[in-house]
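Here is a short briefing on one protein model and its ligand. Please keep the sequence and the structure in view while reading.

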Amino acid sequence: MPHLSGVSVLVSGAGLAGLAAAHDLTAMGADVIVVDARDRVGGRVWTIRDGFAQNQHAEGGGDMIDDAQHEIRALAAELGLTLTRILRGGFGYVRQDDAGRPRMVRRRALRGWTRLAGALDEFIHPYRLAEQRWDSPIVAAIAKRSVASWLDEVRADPELRATATGLRGFFLADPDELSLLALVDQFAATDAWGSLRRIEGGNDRLATALAAPLGSRLHLNTDVVALTHRGRTVRVTVKNARAQSQITCDYVVLALPATTLRRIPIAPSLPSPQHDAIARLKYGRATRTLLQFSRRFWRAPRRPGAFGSPLFFGAVWDGNEEQRGRAGILSLLAGGGASDATQSLVAKEGPRGLAQSLEWLGARGADLVGSKQIVWEQDPHARGGYAYFDPAYDPALRAWLARPFGRLFFAGEHTSIRWQGYMNGAVESGRRAAAEIAAAHHL
Ligand SMILES: Cc1cc2nc3c(=O)[nH]c(=O)nc-3n(C[C@H](O)[C@H](O)[C@H](O)COP(=O)(O)OP(=O)(O)OC[C@H]3O[C@@H](n4cnc5c(N)ncnc54)[C@H](O)[C@@H]3O)c2cc1C
């Protein structure tokens with residue numbers, strides 16, 4: 001392993017990307033400081049433990065870990081954390097019936113996705129020919145269409161449109177906001193998805209285990225507000241409730257979402273395509289509602305524990321099947337327009353109104369005993385759920401999101417190619433940034 005003793009690195013952001021970078025840099029002997037604006041580590045990984053009966057908890061942000069996501073699984077194993085298998089029954093699907101009521105449909109969500117993938121075939125082959133290089137004109141031509149305009153072009157039937165709308169629970173963007181490229185990229189991926197897991201005791205245990213060895217080198221409630229980099233030195237201006245001060249170091253890892261990174265003045269400024277890549281990236285609206293009921297009425301033989309839907313409440317799944325107790329938590333993820341709709345319903349009728357919209361799952365008469373709602377687009381340190389590509393985003397800019405500039409290195413979910421939007425992408429990007437510093441330092 002390359003050595004970085006005597007080298008100082010400031011990691012900005014204590015989400016999984018920043019913490020993974022700090023873990024690897026510390027292992028290489030660097031002097032690492034981590035700063036985060038929040039009063040906790042984990043960022044968009046946030047296990048909610050308060051307000052639920054029977055000591056239960058559920059995830060307010062990143063929840064499911066797929067078997068194919070090796071980087072996060074390896075890191076969790078290294079830290080002695082156990083991953084529990086969840087949602088063995090896969091995903092079902094809910095849509096409106098002719099009378100306008102939500103109804104579970106027999107076919108699995110997979111069937112709708114297979115139809116969608118089939119309809120995208122004409123793009124998937126050329127996309128593969130471009131070897132997924134986002135600077136290819138093939139990719140540019142796909143990228144400038146929205147999913148909605150493509151659905152119009154192919155005269156999609158209502159079922160195909162509903163399936164595409166349902167994907168806002170995944171991309172956090174409605175068909176008119178999302179570039180067709182996002183769908184093509186998703187369906188062109190060849191690595192098979194496996195079973196789903198979450199970390200026993202809460203996904204935040206990964207963040208707290210990574211943060212523990214940092215001790216006083218972790219500064220919470222501290223914002224990075226400006227950066228200057230000249231020669232071999234980077235000067236980082238940080239601000240907490242009491243004062244503004246400067247930290248000087250050899251390298252910086254910027255593991256912040258693009259939404260907050262673009263508000264930080266950097267001198268000398270980033271190359272203009274890099275500036276644009278960061279400035280123009282969109283983040284999806286995402287409202288997570290956790291509803292705890294006195295009993296798990298949604299469980300039934302041969303019924304899946306998770307449902308996609310194009311409806312206003314978004315995707316719904318069992319949020320804590322692995323935990324003991326008669327009570328149970330349903331996790332609702334409303335992306336894009338569903339995020340707005342869920343918020344307005346809850347503003348008018350409270351979480352009970354939302355619980356009532358789950359009658360199709362057997363919620364009638366069930367006792368709501370706890371609830372929590374997190375609106376990620378209103379979170380000042382995230383300003384959205386995760387990144388998505390809209391039709392106005394020039395795909396050739398994407399490579400700039402992860403490109404080092406001088407002594408500044410970039411990490412975060414949005415910089416990952418294969419696992420953008422995932423916890424695995426965050427971990428992988430942090431480890432990549434650490435390895436890049438080691439490589440650059442020894443050039
Ligand atoms: C609702 C929701 C559901 C999700 N579901 C899943 C899922 O099921 N599976 C999955 O794999 N992923 C999921 N994700 C995505 C996953 O949570 C993220 O991709 C990942 O956690 C991002 O990590 P990160 O380190 O890149 O960013 P973050 O976790 O956002 O970390 C960045 C940190 O930077 C800090 N910060 C911001 N600005 C400043 C500043 N100026 N100064 C100092 N600090 C600052 C923030 O406070 C934050 O802690 C979900 C996300 C959301 C929101």
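**Sheets, ligand shell and buried loops**

Three strands form an open sheet in the order E5-E9-E6, and their pairing is antiparallel. Its edges are strand E5 (65-66) and strand E6 (83-86); each has a single partner strand, so one side of each is left without a neighbour in the sheet. The model is predicted.

- E5 and strand E9 (residues 196-199) run antiparallel and are joined by two bridges.
- Isoleucine 65 has arginine 197 in E9 as its bridge partner.

**The five-stranded sheet**

- A further open sheet has five strands, ordered E10-E2-E1-E14-E23, with parallel pairing.
- Strand E10 (218-219) and E23 stand at its edges; each has a single partner strand, so one side of each lacks a neighbour in the sheet.
- Five bridges link strand E1 (residues 8-12) to strand E2 (residues 31-35), in the parallel sense.
- Within this pair, leucine 10 of the model stands opposite isoleucine 33 in E2.

- Strand E7 (residues 91-96) and strand E8 (residues 102-105) run antiparallel, joined by four bridges.
- Glutamine 96 faces its opposite number, proline 102, in E8.
- Five residues lie between E7 and E8 in this hairpin.
- Glycine 100 sits in the turn and has a positive phi of about 85°.

**The ligand and its shell**

- The ligand is surrounded by 36 residues, the closest being Asp36, Arg44, Val224, Glu413 and Met423.
- The side chain of aspartate 36 has an N or O atom 2.6 Å from an oxygen atom of the ligand.
- For arginine 38, an N or O atom of the side chain is 2.9 Å from a ligand oxygen atom.
- Aspartate 63 takes part through its backbone: a polar backbone atom is 3.1 Å from an oxygen atom of the ligand.
- On its own the ligand has 1000 Å² of accessible area, and the protein covers 97% of this.
- Helix H1 (16-27), strand E11 (223-230) and helix H14 (423-441) are the elements that give two or more residues to the shell.
- By residue class, the shell holds 17 nonpolar, twelve polar and seven charged residues.
- Two domains contribute at least three residues each to the shell: domain 1 (8-44 + 203-282 + 391-441) and domain 2 (47-69 + 81-90 + 194-200 + 284-378).

**Glutamine 420**

- Where does glutamine 420 lie? It is in the loop between strand E23 (408-410) and H14.
- Is glutamine 420 buried or exposed? Its relative accessible area is 17%, so it counts as buried, the limit being under 20%.
- A polar atom of its side chain lies 2.7 Å from the backbone oxygen of alanine 387.
- The side chain of glutamine 420 also makes a polar contact, at 2.8 Å, with the side chain of glutamate 413.
- Glutamate 413 is itself among the residues closest to the ligand.

**Glycine 336**

- Glycine 336 is in the loop between strand E20 (328-335) and helix H13 (337-356).
- Its relative accessibility is 0%, so glycine 336 counts as buried.
- From glycine 336 to alanine 68 the C-alpha to C-alpha distance is 26 Å, with the two residues 268 apart in sequence.

Technical notes: Residues numbered from 1 in each chain as written. Predicted model: local features only at pLDDT ≥ 70, side-chain atom pairs only at ≥ 80, totals over all residues. Heavy atoms only, no water. Pairing = 2+ DSSP bridges. Near = heavy atom within 4 Å. Polar contact = N/O pair within 3.5 Å; in protein donor to acceptor, adjacent residues only side chain to side chain. Areas by Shrake-Rupley, 256 points an atom, 1.4 Å probe, with all protein chains shown as cover. Nonpolar A, V, L, I, M, F, W, Y, C, P; charged D, E, K, R; others polar. Domains from an automatic or database assignment. Buried < 20%, exposed > 50% of the residue type's maximum accessible area, 1.4 Å probe, protein only.
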